Amino acid sequence: MLTRRTALMGAAIAALMMTAPVVAETADELKLPREKVTLVAPPAVHPHEQATKSGPKIIEFKLTIREKEVVIDSAGTKFWAMTYDGSMPGPMMVLHEGDYMELTLVNPETNSMPHNIDLHSATGGLGGGALTKVNPGEQVKLRWKATRPGVFVYHCAPEGMIPWHVVSGMHGTVMVLPRDGLKDGAGKSLHYDKIYYIGENDLYVPKDENGKYKTYETVGESYADTTEVMRKLIPTHVVFNGSVGSLTGKNAMTAKVGETVLIVHSQANRDTRPHLIGGHGDYVWETGKFNNPPEKDLETWFVRGGSAGAALYTFREPGIYAYVNHNLIEAVELGAAAHFKVEGKWNDDLMKQVTPPSPVPPDKVGTADPVAVTR
Amino acid sequence: MLMLMKIKIAMLVGALAAPVLATVLAPPPQVDPEGISRLAPASFSYRAAGDFSRSGKPVEGPLRGLGSPTELLVMKRQVTVAEYDRCVEEGACPRVGSQSGRRDVPIVGVSWHDASTYAAWISLKTGVTHRLPTDEEWTFAAAEKARDEALPLVDPADPAQAWIARYETESNRSRPAETAPQPGGTFGTNSKGLDDLAGNIWEWTDTCFIRASLDGNREQVTNTNCGVRVVEGAHRAYMTDFIRDPKSGGCAAGVPPTNLGFRLIVERPGAAVADAFRKAVKLLRRA
């Protein structure tokens, strides 16, 4: 407890000093219309306009930090998560270029640690990290202007413990849309019928001498062991949306043939390479920034650790699609796999099983090799 | 390879409708002190295992009425850690996986090879033939615990529909909350007096994966792959024989078995009843 109290006091002093200027400056002087958004848990995204005719607004969001024990795989492995709004990743927050985000960050008294938020989409103040440090029982309000469009990571960045908070689940995504919506490289408008938001998380769960995953009474008690595993850089789990299989079975993502889906993929800590098995990325903003023309027809796209990418795809064939991190060891052995269930009519032109599996015909002695004949 | 393509007439014995009833109404089971149950002869219905097609399109395996003319001797419970460990200590069986430390629970994390090795060892040790059950025998022994998950007929021209239907069936299946092996009896006793069928352990059978095409009642086996065996539990699955841990990260669309374990069939010397049963069932099976 001594360590915790010392940490809290230091943080409290820092927070007092840093938050003073923001408290002095209110948003009222902007005289802009306000809009309040209710956030939803991933893979869903709160309702939003893709293109907007209205002028800039102040959009109000609220994130509540929750430290909680979660189960991360089907074997029941328990893990102390730190989250924004209770989900890994935290909810996606959508606004348009030129809008202002007014974010209330709440750290309930039930939590044990100070937290903050570094938004890669924001400019200055360590992405807001310097101005948002809140102790348990405190909240803070930050306003920042969306100056560039794209999908961006946000994450917790407390001094000395940044990586631990991030790999414990404290990360999410902001999407800043161009005011006139998404475009292909030639200026043609692109739109999506559905959006899915996937946050990939590398997890580092300590094991005991018998190779069993360890559990801890409190999040603080897991720190030392977890850091030791983290320093070896080999995750025990790589998961989408908080646990192995969270986007499969009854929770599989859905689409219909002909529907266009925007898939946003964020990874706050480690490189990943999303791939849709049986599909493609029609338009892909691999680096996630919409002022760059999207790449076309990709098979796999690279999302750098600490960034988010976006892929637009129109499903053309029904069935079950696996959406994976195409390091297949991470997908199959560590958990980075999701499913899409796509309904619609099968198109034989795109694919057909011409001959079902059947025995290999016996070799006929003396028969000419067909390849040799055609040459 | 053509020699494998024996064309066989699938023999249908008994009516397709009634056999489950007959199974349930069989006389009460007997269990001897060694934990071997004697199952009285009865008829039962059996959904053939493997991949079946008709006119080149995937269909469910045929449902057959089978009958056991003689007693079947089968272990009441799955082989335990304590039992398997004796084989390990004698150097006959490989040490497998990390067990929970309990010795009174079923051994899990065993491959088909491990299970077969144990069966051979215990047979030598006791002078009594022990072996893995065939899928037909397992279904007979499991009685009401054996699940037939035949899927509704879908548009054969659209491969995605069958695929989605199967995915939804698997996704909706309830699974035991507890994944660790539990002491014998935890998952209940069936009408034949056997414990823990279709609990959180899937049991190896000796039945090989086959691919077959159907034409009327004619069945043509086009491929037999004994590198893949049928495992039975809360649902039927096909498992590569060297796999010990069936879990998958979810890349393949489907729900894998939780644990792999086994129970054995016993053939008493002189009695030869189980052998007769096996021969009888074999007669009814595809070769």
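In what order do the strands of the open sheet of 4 strands in chain A stand? In this predicted model, the order is β4-β9-β8-β6, and the pairing within this sheet of chain A is mixed. The edges of the sheet are taken by β4 (93-96) and β6 (118-119) of chain A, each of which has a single partner strand, so one side of each is left without a neighbour in the sheet. For β6(A), the pairing is with strand β8 (residues 150-155) of chain A; the two run antiparallel and are joined by 2 bridges. In this pairing, Asp118(A) has His155(A), a residue of β8(A), as its bridge partner.

The interface between chain A and chain B was examined next. Chain A contributes 31 residues to the contact, and chain B contributes 25 residues. The area buried between the two chains is about 2,100 Å², and carbon and sulfur atoms give 62% of that area. On the side of chain A, the residues that lose the most area to chain B are Ile320(A), Trp346(A) and Pro359(A), which together account for 25% of what that side buries.

Polar and charged interactions across the interface were also counted. Between chain A and chain B there is 1 salt bridge, and the side chains of Lys341(A) and Glu168(B) meet in a salt bridge with an N to O distance of 2.4 Å. Across the interface of chain A and chain B, 4 residue pairs are found in polar contact, with both residues of each pair at pLDDT 80 or more. As for the elements involved, β20 (319-325), α4 (328-333) and β21 (337-343) of chain A each supply at least two residues of the side that touches chain B. Of this side of chain A, the largest share, 5 residues, comes from β21(A). When the residues on the side of chain A that touches chain B are sorted by class, 17 are nonpolar, 7 are polar and 7 are charged.

Glu137(B) lies in helix α4 of chain B, which spans residues 135-142. Is Glu137(B) buried or exposed? Its relative accessibility is 1%, and because residues under 20% relative accessible area are classed as buried, Glu137(B) counts as buried. The side chain of Glu137(B) also makes a polar contact, at 2.9 Å, with the side chain of Arg131(B).

Technical notes:
Residues are numbered from 1 along each chain as its sequence is written. Chains are lettered from A and ligands numbered from 1 in the order in which they are written. This is a predicted model: local features need pLDDT of at least 70, side-chain atom pairs count only at pLDDT 80 or more; totals for chains, interfaces and linings use all residues. Side-chain values use heavy atoms; hydrogens and water are left out. Buried means under 20% relative accessible area, exposed over 50%, partly exposed in between (1.4 Å probe, protein chains only). A polar contact is a pair of N or O atoms within 3.5 Å; within protein, one must be able to donate a hydrogen and the other to accept it, and residues adjacent in sequence count only if both atoms are side-chain atoms. Contact means heavy atoms within 4.5 Å. Buried area is the accessible area (1.4 Å probe) that two parts lose on being put together, summed over both. A salt bridge is a side-chain nitrogen of Lys or Arg within 4 Å of a carboxyl oxygen of Asp or Glu. Ala, Val, Leu, Ile, Met, Phe, Trp, Tyr, Cys and Pro count as nonpolar, Asp, Glu, Lys and Arg as charged, and the others, Gly among them, as polar. Two strands pair if DSSP finds at least two bridges between them.
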